[in-house]
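I wanted to look up the pockets of this protein and what lines them. My notes follow.

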Amino acid sequence: MPQLLLEIFSEEIPARMQQGAARDLERMVSERLKAAGLTWEALNVFAGPRRLTLVIDGLPSAAEDRNEEVKGPKTSAPAQALEGFLRKTGLTQDQLVERDGVWFAEISSKGRQTTEVFAEAVDQIVRSFPWPKSMRWGTGSLRWVRPIKRIIALFDGAVVPFEIDGIQSGDVTEGHRFLGSGKPFAVKDFADYRAKLERDFVLLDVADRKLRILEAAKAACAARGLVLVDDDGLLDEVAGLAEWPTPILGDMDPQFLSLPPEVVRLSMKVHQKYFAVRDPSKDGLAPNFLVVANVEATDGGKALAAGNSRVLSARLNDARFFWDEDQKVGFDAWNDKLKGVTFHAKLGTLAERVDRIAALAREIAPLVGADADQAGQAARLSKADLASGMVSEFPELQGIMGGYYARLAGYPDAVADAVRDHYKPQGPGDSVPTAPVTVAVAIAEKLDTLVGFFAIDEKPTGSRDPYALRRAALGVIRLVLENGVRINLHHILTEHAKGLTGGDYLSVVEAVESLLNFMTERLTVSLRDQGVRHDIAAAAFATVGTTVIFFDQLVKRVEALAAFLATDDGANLLAGYKRASNILKAEEKKGPLPEGAVATGLANQPAEETALAFAAAAAATAVDAALETEDFAAAMTALARLRGPVDAFFTGVMVNSDVAEERENRLKLLGQVRGVMGRVADFGQIAG
């Protein structure tokens, strides 16, 4: 079947916008072709420094004719409803069909030519493309990220003719700006287009550009006994800057290696888009860098390397200035500056935030095996580097620079490490600190953020989370669970909230309850990402109040419940629970359920009823003992012993006996079974 090829050729597209543009182009073209009734076999999109390209294989030459039946109003509906339906369909009343008291419209439409649909779609897409930033050029009104130079539009080898703001579609494109022939060339299909571009020094696919960069970069490093420092984010960026990427290894002044390696790497990356390099036989970085050029130099890149080395030296000289000047200032002056920096209008200054974190860190320290004085000291230093020159230049180094400066100032290693790592973990892929002082400060920092914003009712809503509270909550959960520590969050959060709400009791209760529910939801999401079903987590959490929440306890409940339900005993007992629950719910609609102890030894009492009564009583005792010691696996084992008696009861006993005394006793028994199971989990929330 025919192939469709589209290329929008322009001036340089910012690297950060390219992949988003590829996704938008795919979405917008797909939506319009589908709306016209067109289908295809394969669709691919490519984005690069100067072009967006789309190729679709297996498109028909025209959409099929369509016959559609549209349901309208009832024949008894008001006249206005019928009139609106007629306007919508473009029909008259005598063209409608009445069936079962409802009007139906039968609409036939002839399938449009693919070229007609495509030309119209491209015009609409180009004029409404959602670039983060766009511009106009010349005297036209068209907006694009950069001026459009050419548009290729081919269907089955022939040009699809259209014109957008003076730009005529065609079959001609251009190769590399510097390495190419400099002459436009015509193409006949995608294979021809891709091959000619590559001959003219353009790699169309970003995956090919990344592979070329990595292979050539690693080879250049290996030739000198060096190793490239991996940086996926930088690789993504430089692959969007060069159509024919050519890695070149350069030398830097070794004196700059006296700077922290994070400073050197970030200066290279942010300002120059260079990769760092290391010597595998030594610690730290090597006095080299790797730049990805967009040309193949005749001298092997020597001049380019030398020029880039001079530029890098200038950048690193700036970094060294900040490094030297910051050491002359120190923590006291920086902390004093924080008194004039607002953290949030309703939560005070950064200095006030530091005071709160320090008090919280001292409280948490004994619970995680940390020295309270060191935790408080580290917390008081934790935000100081925000006022330093280096962090002002490189905000990404906050915390990291504080750790270096604290060590240089003579603070204990435990304190310096806590300052460095107190933001961790910052995401699901980030490591979790294990040093006790660091753990105390990291938890305190995140809890202050959470309590503060919940106290002023700035909670996440939907996808909106401007203060990264979901990340902070998950960070606390990971710090607690992965370090095996136990903290009564309700108590700590309540005491901390009092200082942020003016001590108003209702405000404190509301903020803490809401926050604990939020954190429990985050734990549920985390468990779901690990493969735990949402309903199982919800069932396990439902029996735990918010007065005392221990995350490790919640996780153990969930794990034990999931393991139990995976057994035959668990699955069958769940079915028995639901049957008992349904009977009790039906009876509750008629009035209050009978209360009191379950009787045994009644006249004509079935053996199955007596057996279940004894089994439920024994299970209650065993479950309570197991929960007291947090042996959740033992609690599940106790419930498993109910499986046989419950099955036998429903097989051999009629609950709704005509004898009132028998019926009430059996309802009490089912209530007892539901109650003992409810101490472990809310089985009613479990699907199946």
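Which element supplies the largest share of the lining of the largest pocket? I looked this up in the model, which is predicted. I found α7 at the head of the list, with six residues.

Largest pocket, space. I noted a volume of about 900 Å³. I counted 38 lining residues, and E396, Q398, Y423, Q426 and R471 are the closest to the centre of this pocket.

Largest pocket, elements. I listed the helices and strands that each give at least two residues to the lining. The helices are α7 (261–272), α10 (350–364), α14 (413–421), α15 (436–455) and α16 (469–482). The strand β15 (275–278) is on the list as well.

Largest pocket, residue classes. I sorted the lining into 21 nonpolar, 14 charged and three polar residues.

Second largest pocket, space. I read a volume of about 240 Å³ here. The lining has 13 residues, and those closest to the centre are P428, L474, R478, S526 and D529.

Second largest pocket, elements. Which element gives the most to this lining? I found that α16 does, with seven residues. I also noted α18 (505–529), which, like α16, supplies at least two lining residues.

Second largest pocket, residue classes. How many of the lining residues are charged? I got six charged residues, along with five nonpolar and two polar.

Methods. Residues are numbered from 1 along each chain as its sequence is written. This is a predicted model: local features need pLDDT of at least 70, side-chain atom pairs count only at pLDDT 80 or more; totals for chains, interfaces and linings use all residues. Side-chain values use heavy atoms; hydrogens and water are left out. On a 1 Å grid over the protein atoms alone, a cavity is a set of points where a 1.4 Å probe fits but cannot get out, and a pocket is an open set with protein on both sides within 12 Å along at least five of seven lines; lining residues have an atom within 4 Å of a point. Grid points are joined across faces, edges and corners, and a volume is the space filled by probe spheres set on the points. Helices (H or I, at least four residues) and strands (E, at least two) are DSSP runs, numbered from the N terminus. Ala, Val, Leu, Ile, Met, Phe, Trp, Tyr, Cys and Pro count as nonpolar, Asp, Glu, Lys and Arg as charged, and the others, Gly among them, as polar.
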